[in-house]
Amino acid sequence: MSSAGHHSCTHAIAFFISPHGFGHAARAAGVIEAIHQASPACCFEIFTSVPSWFFEDSLTAPFTYHLIQTDLGLVQKSPFQEDIPETLRRLNTFLPFDPELVDSLSQTVSRRKCKLIICDIAPLGLAVGRSTGIPTVLIENFTWDWIYQGYPAVAQLMEQHIQYLQCVFHSADYHIQAEPVCRRLQGDLTVSPVSRKCRTHTAEIRKKLRLPDGRKVVLITTGGIPDRYGFLSQLADRSDISFVLPGASRSVEFSDNLILLPHRSGYFHPDLVNACDAVVGKVGYSTLAEVYAAGVPFG
């Protein structure tokens, strides 16, 4: 457990965040910052297994970090290949939620005097809300039951988990869908794509990236899940364009027209998106929302 910011507040909000990629954490960070801007007396209890540094780098709002597996989602072999047998094996131990875990978390949010529980598709927070009577908000552009229904080959094996999750997701007191929505439901609110706001001017970012004036630059991203980029030599052939690849290296590397960055690079991802001429990537939620906010072409 770690803290950031000044933690004297009058309104505590618990936020349960899915650790599947970084998209849910990025969206949650955007929501947290907006709430804090509107109501500076709010502080946040963040429950997730997304690394704490992500929130330290993304938030000015005061928060306490609780390291806990709030969600399973899909087990992935790579950004583009899921592992359904392993997902099913883990779901069989993760669901239904352990009553002792729900009870322990209920005591924590009650002790922290949380007035609201917000969940970015992490159903565990909704179960905690049901246990404590604290109002819950579900934010989603898809839910896991909908994802699992997309695998008919294992539908029978998944059915109990799908039904259980449907009940949990339906238990939310308030339901917000964030565009682009995968399955439209009758909710309380539908909002435009949600992303973190840019911080640094494009000219400053381009200078840090050592880009000459007028240079075309393309960002290539797999949305927070590491991948081996087997096409770097082909990019080197396009010497007229610079390519920025977050998560492609353990340290910042400048190599001819390639700029390879670690996950925690010191560059705020929305700033990188905003400073590029185009983005190519996996259609992760935060990538899409940041591209939308920046008005940058996306492939």
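1. On a 1 Å grid over the protein atoms alone, a cavity is a set of points where a 1.4 Å probe fits but cannot get out, whereas a pocket is an open set with protein on both sides within 12 Å along at least five of seven lines, and lining residues have an atom within 4 Å of a point. Grid points are joined across faces, edges and corners, and a volume is the space filled by probe spheres set on the points. This is a predicted model, in which local features need pLDDT of at least 70 and side-chain atom pairs count only at pLDDT 80 or more, while totals for chains, interfaces and linings use all residues. Residues are numbered from 1 along each chain as its sequence is written, and side-chain values use heavy atoms, with hydrogens and water left out.

2. The count comes to one cavity of 30 Å³ or more, and the largest cavity holds about 40 Å³ of space. Its lining includes Asp-71, Phe-94, Trp-144 and Tyr-148. With helices (H or I, at least four residues) and strands (E, at least two) taken as DSSP runs numbered from the N terminus, the elements that give two or more residues to this lining are α3 (84–94) and α6 (144–148).

3. The largest share of the lining, four residues, comes from α11.

4. A nonpolar core is a set of buried Ala, Val, Leu, Ile, Met, Phe, Trp, Tyr and Cys residues joined through side-chain atoms within 4.5 Å, where buried means under 20% relative accessible area, exposed over 50% and partly exposed in between (1.4 Å probe, protein chains only). In the largest such core, of 41 residues, those that touch the most other members are Phe-16, Val-109, Ile-117, Trp-144, Tyr-148 and Met-158. The largest share of this core, five residues, comes from α7. Apart from this core lies another, of 27 residues, including Tyr-65 and Val-194.

5. A disulfide is a pair of cysteine sulfur atoms within 2.5 Å, and the count comes to zero disulfides. The sulfur of Cys-119 is too far for a bond, because the closest cysteine sulfur, in Cys-114, is 11 Å away. Cys-119 counts as buried, at 0% relative accessibility. Cys-182 is likewise in no disulfide, the nearest cysteine sulfur, that of Cys-119, being 18 Å away, and Cys-182 is partly exposed, with a relative accessible area of 36%.
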